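Please open the model in your viewer and keep the selection tool at hand. The tour goes from stop to stop.

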Amino acid sequence: MEVTNQRPAPDPETSWEIRKHTVWKTLWSLNIKLKLKHFLWRCLQNGLATKDALYKRFGIGNKVCQCCGEDMETIEHIFFTCPTAQVIWKIAPVRWEGLANLQGNLWRWWEAVLQAAKKSEGVGRIQLTANILWQIWKARNKVTFQQEITDAKNIVEKAQQEWIEYEAAMESDRGSNPDLEKATLIQQRWEPPKEGTIRINTDAAISAKMVRSGLGIIARNWRGEVVRAKGITARRKGIAATEEALAIRGALEMAQIAGWTTIEVQSDCKHVVSLINMDNGQDCSLQTILDDIDVQKGNFESCTFTFVPRMVNQCSHALAQFAVKATRDFEWEGSFPVWLSSLVRKDMGVVTPFCN
Ligand SMILES: [Zn+2]
């Protein structure tokens, strides 16, 4: 509704307009895929073709939810009260239990989500929530048009996967800028190893809030091509040095499985690298891992460990960030996700021997 009169009185209408404006503004400024923004926008405008909406508008079809066969299929039913939706919000790593009383009105619920998320770890929670709503809608369409049921666990995993992939892609884009350019200027960028050697970069990431640790391991050959990449995820409150040491041990395991004989492991954790390189490095909390590394080292013709600055270690850093948010371990060999390949190209610097 357009407000055309000039009355200066601060009526409820005004605050409603302000609230609406804030919700739209926040929606468009979210760091999520454009298609998700459009989707949420349609949801909030009541523009989704739910059965209830179609019935009301055109008097066609029946209004009952095809998923449960119990209630009218309104947008709120799909997202909150349908039994599948209820399981989803129980198992999802993002919870909005405090907003249960607003579930009867998606707009108000979403407004409250935006408010609540301002407080703690907000951005990530909203992004994941948006992805969950989207996957619920996609699953609903599958039931409706293809009679295919997706279970709640798959819906949550899909949402989480798309969220972290998007995040990682953004990170790889950001990685292109100041740090790497600086690194190039001072001749500190990732360099391929000698022919015949595999260079493996490792890194760890810790999320105290999610109580998760992620390890990233990436192996490249003398041409700078990725040969394997891996992420290990764990539900534990990690300690930095321990996680870094575990990532290095993971690199040796990867190398052994792949059958490489000459390797160089790089980490941006000076402490752990120097402990490994010392003859008698001692750190009680790391001792078993250091011992493992010492034993595994003997399985290679050549196996060295070097410290590199973080800016030279961006690919494994991104993988570790990816792993910390992932629901399970992952490993790629032969073909790699686009975001990783682009990060690898950037790691090689703007001018690579293969492009020019
Ligand atoms: Zn239902």
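This is a predicted model: local features need pLDDT of at least 70, side-chain atom pairs count only at pLDDT 80 or more; totals for chains, interfaces and linings use all residues.

Residues are numbered from 1 along each chain as its sequence is written.

Select Thr 197, in the loop between α9 (178-185) and β1 (198-207). Helices (H or I, at least four residues) and strands (E, at least two) are DSSP runs, numbered from the N terminus. Thr 197 touches Trp 222, Thr 262, Ile 263 and Glu 264, leaving aside residues up to four places away in sequence; contact means C-beta atoms, placed from the backbone, within 7 Å. From Thr 197 to Thr 262 is 65 residues in sequence but 5.1 Å in space, C-alpha to C-alpha.

Next, select helix α10 (residues 240-258). Among its buried residues are Glu 243, Leu 246 and Arg 249; buried means that 20 or more other C-beta atoms, placed from the backbone, lie within 10 Å of the residue's own, with exposed at 12 or fewer and partly exposed in between. After α10 comes Gly 259, with a positive phi near 80 degrees.

Last, select α13 (residues 314-325) and α14 (residues 338-347), whose axes come within 9 Å and cross at roughly 155 degrees. Axes are lines fitted to C-alpha atoms, for helices over the stretch in contact, and angles run from 0 to 180 degrees between N-to-C directions. In the contact, α13 supplies Gln 314, Cys 315 and Ala 318, and α14 supplies Leu 340, Leu 343, Val 344 and Asp 347.

Note on methods
Two residues are in contact if their C-beta atoms, placed from the backbone, lie within 7 Å. The expected span of a helix is 1.5 Å times one less than its number of residues.
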